[in-house]
Amino acid sequence: MEPIRMKYEVRSDDFSVAGEASGKIKRTLKDLGLDASVVRNVAIAVYEGEINMVIHANGGYIEVEINPDKIKIVLKDSGPGIPDVEKAMQAGFSTAPENIRALGFGAGMGLPNIKKYSDEMYIDTELGVGTTITLGFNI
Amino acid sequence: MLTVKNLIEKGNMTVLVDGDEPEREITGCYCGDLLSWVMSRAQSGDAWLTVMGNVNAIGVAALADTACIILTENAAFDENANLRAQQNGITVLQTEKNTYETAVLINSLLNG
């Protein structure tokens, strides 16, 4: 069976549309009849990725590949890169500015949530070039 | 069983957005304003108590599949959020009670 592929653009500095891609992906997975917990895990991880792109990276894009046994998600941006990945993975560590925190973000839970809800997570980041996060979810 | 509709009536809630599922059962309650935290901890079917009435709160409620959002202490609800909630069929309620008082009320209705 050919995998199902989807691609979404995440626009920069636009909190009013952040969550659109994860919402669409959630509906698609639900329509495919996937287990509710898998759908929730993917939706949360992608939403966090979207928010990270809006806050830190001037947007980016999200690729989804749905296979019979696995969902692969690639979150790719051309932002500033992550200087210290280990630190960024710590729950509670945040570099989000005050105006972002006032919106309810910047709890330092973005990357930790992505790790928590995915079965596989690889971060490829380079300062000044961008960050690509590849996620795998078992079905 | 406590439904969203029961909660509105018994809790004397103001309805800001009338969602798609008035008969949905409320199975629990979650309180919090940090969206990432809420998204990872709130359970499907919870009534979510918050003061965060922006468009992103609607996104979190949709993803976490909470039964409704309750803005406590008459917290503000912005126009973008209103629009997004209507598009997504999310019930948004408001009360003058604070989060603690509202949670206590929901607890008594859940166990009443």
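In chain B, helix 3 and helix 4 (residues 79–88) have axes that come within 7 Å of each other and cross at roughly 25°, the axes being lines fitted to C-alpha atoms, for helices over the stretch in contact, with angles running from 0 to 180 degrees between N-to-C directions. Helices here are DSSP runs of H or I with at least four residues, and strands are runs of E with at least two, both numbered from the N terminus. The crossing makes helix 3 of chain B roughly parallel to helix 4 of chain B, given that angles under 35 degrees count as roughly parallel, over 145 as roughly antiparallel, 65 to 115 as roughly perpendicular and the rest as oblique. The model is a predicted one, in which local features need pLDDT of at least 70 and side-chain atom pairs count only at pLDDT 80 or more, while totals for chains, interfaces and linings use all residues. Residues are numbered from 1 along each chain as its sequence is written, and chains are lettered from A and ligands numbered from 1 in the order in which they are written.

Helix 3 of chain B passes helix 4 of chain B in a right-handed crossing; a crossing is right-handed if the near helix is turned clockwise from the far one by less than a right angle, and left-handed if anticlockwise. From helix 3 of chain B, the contact draws on B:Val55, B:Ala57, B:Ile58 and B:Ala62, and from helix 4 of chain B on B:Asn80, B:Ala81, B:Arg84, B:Ala85 and B:Asn88, where two residues are in contact if their C-beta atoms, placed from the backbone, lie within 7 Å. By class, the residues of this contact divide into 6 nonpolar, 2 polar and 1 charged; Ala, Val, Leu, Ile, Met, Phe, Trp, Tyr, Cys and Pro count as nonpolar, Asp, Glu, Lys and Arg as charged, and the others, Gly among them, as polar.

Helix 3 of chain B is largely enclosed by the rest of the structure, because 10 of its 10 residues are buried. A residue is buried if 20 or more other C-beta atoms lie within 10 Å of its own, exposed if 12 or fewer, and partly exposed in between, with C-beta atoms placed from the backbone. The cover over these buried residues includes helix 1 (20–31) and helix 2 of chain A, together with helix 2, strand 3 (46–50), strand 4 (68–71) and helix 4 of chain B. B:Ala64, which lies in helix 3 of chain B, is buried with 23 other C-beta atoms within 10 Å, and, not counting residues up to four places away in sequence, B:Ala64 touches B:Val38, B:Met39 and B:Ala42. B:Ala64 and B:Gly45 are 19 residues apart in sequence, and their C-alpha atoms are 8.8 Å apart in space. After helix 3 of chain B comes B:Asp65, with a positive phi near 60°.

Turning to the meeting of the two chains, 16 residues of chain B are in contact with 19 residues of chain A. On the side of chain B that touches chain A, helix 2 (35–41) and helix 3 (55–64) of chain B each supply at least two residues, and the largest share, 6 residues, comes from helix 3 of chain B. That side of chain B divides into 9 nonpolar, 6 polar and 1 charged residues.

The largest nonpolar core has 68 residues, of which A:Val42, B:Ala47 and B:Ile69 touch the most other members; a nonpolar core is a set of buried Ala, Val, Leu, Ile, Met, Phe, Trp, Tyr and Cys residues joined through C-beta atoms within 7 Å. The largest share of this core, 11 residues, comes from helix 2 of chain A. Leaving aside neighbours within four places in sequence, A:Val42 is in contact with A:Ile25, A:Leu29, A:Ile71, A:Ile73 and A:Phe137.

Helix 2 (residues 36–56) of chain A also packs with helix 5 (residues 110–117) of chain A, at an angle of about 155° and with axes 9 Å apart, and the two helices are therefore roughly antiparallel to each other. Helix 2 of chain A passes helix 5 of chain A in a left-handed crossing. By class, their contact has 5 nonpolar, 5 polar and 1 charged residues.

In strand 2 (residues 60–66) of chain A lies A:Ile66, which is buried, with 21 other C-beta atoms within 10 Å. Between helix 2 and strand 2 of chain A, the loop holds A:Asn58, whose phi is positive, near 55°, in a residue other than glycine.
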